[in-house]
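Let's walk through the fold and a few of its charged pairs. Have a look at the model first, then read on.

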Amino acid sequence: MMDITSFSFEQRQAMSVTRIVKAIFPGTTNHHNTLFGGQALSWMDEAAFIAATRFCRKSLVTVSTDRIDFKEPIPAGTFVELVAKVVRVGRTSLTVKVDICIENMYCDGQHQAISGEFKFVAIDEQRKPTPVME
């Protein structure tokens with residue numbers, strides 16, 4: 001097992017980038033036959049949590065989201081790729097940016113449809129804030 005304290009911020013940031021690909025099927029869509037916003041937020045929080053945990057290898061809780069932009073609806077029958085990356089680190093908190101890109105199943109290329117930021121706080125065994133980087 002590697003000691004994460006030996007890595008620079010940039011190395012830890014690169015190692016923590018998380019990519020998840022999902023197919024948009026009817027069970028995840030709303031009455032407009034597009035991805036349900038709540039489902040998108042759940043996937044984004046999960047991807048952000050994974051990236052944040054990979055970055056610091058600490059227990060974390062989500063404490064806030066900031067400006068989730070739904071730029072366009074995501075239709076059923078497409079793929080989406082979630083990309084989560086740590087963008088800021090404070091003493092006990094870190095912020096992860098998550099983008100969701102649409103990809104047509106039968107054509108090359110993708111473009112961004114949703115983006116947002118998620119803030120996490122590292123916690124100890126008593127659920128009190130603890131330093132992210134030690």
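## The sheet and what packs on it

Strand β3 (residues 78-89) and strand β4 (residues 93-104) run antiparallel to each other and pair over 11 bridges. Strands here are DSSP runs of E with at least two residues, helices are runs of H or I with at least four residues, and both are numbered from the N terminus. Two strands count as paired if DSSP finds at least two bridges between them. Within this pair, Phe-79 sits opposite Glu-103 in β4.

Before going further, a word on the source: this is a predicted model, where local features need pLDDT of at least 70, side-chain atom pairs count only at pLDDT 80 or more, and totals for chains, interfaces and linings use all residues. Residues are numbered from 1 along each chain as its sequence is written, and side-chain values use heavy atoms, with hydrogens and water left out.

Zooming out, the open sheet has 5 strands in the order β1-β3-β4-β5-β2, with antiparallel pairing. β1 and β2 (59-70) are at the edges with a single partner strand each, so one side of each has no neighbour in the sheet. On average, neighbouring strands of this sheet are turned by 25° against each other, direction ignored.

Now for the helices. Helix α1 (residues 9-16) lies across β1 and β3, at about 160° to β3. Helix α2 (residues 37-56) packs on the sheet and touches β1, β2, β3, β4 and β5, with its direction at about 55° to that of β5. The axes behind these angles are lines fitted to C-alpha atoms, for helices over the stretch in contact, and angles run from 0 to 180 degrees between N-to-C directions. Contact, for its part, means heavy atoms within 4.5 Å.

## Two residues up close

Where does Val-21 sit? Its place is in strand β1 (residues 18-23). Val-21 is exposed at 54% relative accessibility; the cut-offs are under 20% relative accessible area for buried, over 50% for exposed and partly exposed in between (1.4 Å probe, protein chains only). Leaving aside neighbours within four places in sequence, Val-21 is in contact with Phe-79, Val-80 and Glu-81. The C-alpha atoms of Val-21 and Phe-79 are 6.9 Å apart, although 58 residues separate the two along the chain.

Ser-115 lies in strand β5 (residues 110-123) and counts as buried, at 8% relative accessibility. Not counting residues up to four places away in sequence, Ser-115 touches Met-44, Arg-67, Ile-68, Asp-69, Lys-71, Lys-97, Val-98 and Asp-99.

## Charged pairs

Side chains of opposite charge can pair when their charged atoms come close. A salt bridge is taken as a side-chain nitrogen of Lys or Arg within 4 Å of a carboxyl oxygen of Asp or Glu, and by this rule the count comes to 4 salt bridges. Among them are these:

| Salt bridge | N to O distance |
|---|---|
| Arg-19 with Glu-81 | 3.2 Å |
| Arg-67 with Asp-69 | 3.2 Å |
| Lys-97 with Asp-99 | 2.6 Å |

Arg-19 is in strand β1 and Glu-81 in strand β3, so this pair ties together parts 62 residues apart in sequence. Arg-19 is exposed, at 54%, whereas Glu-81 is buried, at 14%. For the second pair, Arg-67 is exposed at 63%, while Asp-69 is partly exposed at 23%. In the third, Lys-97 is partly exposed at 30% and Asp-99 buried at 17%.
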